[in-house]
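User: Could you walk me through this structure, starting with what kind of model it is?

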Amino acid sequence: GTKQEWWRRSTVYQVYPKSFKDTTGSGQGDIRGLLEKLDYLKDLGIDIIWLQPVYVSPQNDNGYDVADYCEIDPQFGTMADFDELAAEARRRGMRLMLDIVVNHSSTEHRWFQEAKKSKDNPYRDYYIWRDPKPDGSPPNNWQSKFGGSAWQYDEGTGQYFLTLFDKTQADFNWENPKVREEVYDLMSFWANKGVSGFRMDVINLISKDQRFPDDDGSVPPGDGRKFYTDGPRVHEYLKEMNRRVFGPDTVTVGEMSSTTMEHCIRYSNPEEREFSMTFNFHHLKVDYPGGRKWELMPYDFEQLKALLSDWQVGMQQGGGWNALFLNNHDQPRALSRFADDGKYRTESAKMLATTLHGLQGTPYVFQGEEIGMPNPHWNDIGELRDIESRNMYVILQELGKTPEEALDIIRERSRDNSRTPMQWDDSPEAGFTTGTPWIKVDERYREINVKNQLSDPDSVYSHYKKLIALRKEVDVLTDGQYERLDEGHPQVFAYARISDKETLAVVSNFSGKDAVFEFPEAFAAKLEGGGTPQLLAGNTNEAPELKARMELSPYASYMWIIR
Ligand code: TEU
């Protein structure tokens, strides 16, 4: 690819700063903690560091409620710390990708504080205000993603304002060109400080249907999703943002909640000049009965494979580019969700990594994923911190669940599963803090930590390091045609990546039982006729020879190349 697409061979590391490394004893991570760990990330082979919000914030949604877009919150450090971080990252050949949260701001932002003063305040139309219905009820039936109505009533001016997330996160009115100018200015502020990457929070929600119609129930009940997801002017806005802010090699990723393939092709095809790549979440809803997050069911393996495959083929055909991920700060740990965090923990973690990193796209490693951190064990709701989880604990009981039933659902679904402190070593609090951590450290930190994996060639860490290096060396990982090879196999996910000079094959047993897998005829013929397969990555001591019929031990996973 051209210089502009250098990031197609890169791997991004996602840092949740609050839980990464604390250097002050506050119990919360900080920027100087990340500074201390830059060599660790460099050694892992990381090219881009996605730094999640460290802006001034009341922390109701852990920094996704921004009260000043151009100031570092003192709990994370100072602007001088940030400047040092940017310089030190660049000195090591790594880039910073900042999280930009501009669908909404905190209600503590001065713009909102102004806007709520009066209906004719110059900042009023930075946000979305509507009159109550005649009976005083909210303007429509849209629901917040964190539960409850998406509208908050402001006594002072007798109007409601829109909050798609927490009631202290007020949606911006992107129809207002002044809002767009403010956004481009704040993004340029960071670009001028040498930031050359942006992760755009729920950016496909910024264009709302200005009629604000009631939801007609055609999407999960009460969720106005289809009235503000991939809205009427979203592509217009993103093209304007691209023109106004991005440089020729700025790397950008859009978080596209509930989006479609067609939109993601438009968001990420270079000719559209919007973003470099997109996150979509369809593959992370295969354990949601009827798309409903707060009900439990075993995950649908066939649907997981079908969705990953459809998005590989569809984005390839459309010239789009996937951000590849199974973990982030909003999802439970994939290791516990899709594999085995007990007996086969190491094999499972490596299997998921090989399966993901063999796909076309840019892989994202969420902190702790590279050492096989599982979901922590939660004893009671008091251990949870996330606003969404705490709201749902109440709402689930209002819906008739017992406290224990509600807690069981929270245990599986809570975003806190991925937010416990990074486990650096087996010292108290896993070496994360010398103080009391803001959220508990998982009790398995003595067994699962960076220190005891760094020099172990068979560790999960070493496996990630190998996969990240392969992406830079093996061309077919970047541009090989994707082809699914397992037709509905109950245990195995297998696929190929094919280019004119080499073929990659990835075969993974997603089950805790032995599996037999036979390649399709056509591909098996290729195996017979082709060159000698070379094993690039495996998760068992003895990798079986690649042949038409494979016998796979529990969670066995292999990546071969055939030249
Ligand atoms: O997340 C968008 C979002 O919708 C997720 O929070 C997730 O889909 C939600 O938990 C549904 O159950 C982004 C950020 O990643 C998230 O941390 C923020 O809370 C959210 O936006 C609001 O800024």
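This is a predicted model: local features need pLDDT of at least 70, side-chain atom pairs count only at pLDDT 80 or more; totals for chains, interfaces and linings use all residues.

User: Which residues are the closest to the ligand?

Analyst: The ligand is surrounded by 17 residues, and the closest are Asp61, Lys293, Asp330, Glu388 and Arg415; a residue counts here if one of its heavy atoms lies within 4 Å of the ligand. By class, this shell holds ten charged, four nonpolar and three polar residues, where Asp, Glu, Lys and Arg count as charged, Ala, Val, Leu, Ile, Met, Phe, Trp, Tyr, Cys and Pro as nonpolar, and the others, Gly among them, as polar.

User: And how far is the side chain of histidine 104 from an oxygen atom of the ligand?

Analyst: An N or O atom in the side chain of histidine 104 is 3.0 Å from a ligand oxygen, which makes a polar contact, meaning a pair of N or O atoms within 3.5 Å. For lysine 145, the distance from a side-chain N or O atom to an oxygen atom of the ligand is 3.2 Å, and a polar side-chain atom of arginine 199 also lies 3.2 Å from an oxygen atom of the ligand. On its own the ligand has 490 Å² of accessible area, and the protein covers 91% of that, with areas taken from the Shrake-Rupley method with a 1.4 Å probe.

User: OK, sheets now. What order do the eight strands take?

Analyst: The eight strands form an open sheet with parallel pairing, in the order 13-12-11-5-2-1-15-14. Strands (E, at least two residues) and helices (H or I, at least four) are DSSP runs numbered from the N terminus, and two strands pair if DSSP finds at least two bridges between them.

User: Why is one side of strand 13 and of strand 14 left without a neighbour?

Analyst: Strand 13 (277-279) and strand 14 stand at the edges of the sheet and each has a single partner strand, so one side of each has no neighbour there. Elsewhere in the sheet, strand 1 (residues 12-15) pairs with strand 15 (residues 362-366) in the parallel sense over three bridges, and valine 12 stands opposite tyrosine 364 in strand 15.

User: What about the sheet of three strands, which way does its pairing go?

Analyst: That open sheet has the order 7-9-8, and its pairing is antiparallel. Strand 8 is joined to strand 9 (residues 159-162) by four bridges, and in strand 9 tyrosine 160 is the bridge partner of tyrosine 153, while phenylalanine 161 is the partner of glutamine 152. The hairpin of these two strands has four residues between them, and glycine 158 takes a positive phi near 65 degrees in it.

User: Switching topic, how many cavities are there?

Analyst: A search of the whole structure finds four cavities of 30 Å³ or more. On a 1 Å grid over the protein atoms alone, a cavity is a set of points where a 1.4 Å probe fits but cannot get out, and its lining residues have an atom within 4 Å of a point. Grid points are joined across faces, edges and corners, and the volume is the space filled by probe spheres set on the points.

User: What lines the largest cavity?

Analyst: The largest cavity holds about 140 Å³ of space, and its lining includes Asn280, His283, Trp311 and Phe325. Helix 9 gives the most to this lining, with four residues, and by class the lining has eight nonpolar, four polar and no charged residues.

Conventions: Residues are numbered from 1 along each chain as its sequence is written. Side-chain values use heavy atoms; hydrogens and water are left out. On a 1 Å grid over the protein atoms alone, a cavity is a set of points where a 1.4 Å probe fits but cannot get out, and a pocket is an open set with protein on both sides within 12 Å along at least five of seven lines; lining residues have an atom within 4 Å of a point. A polar contact is a pair of N or O atoms within 3.5 Å; within protein, one must be able to donate a hydrogen and the other to accept it, and residues adjacent in sequence count only if both atoms are side-chain atoms.
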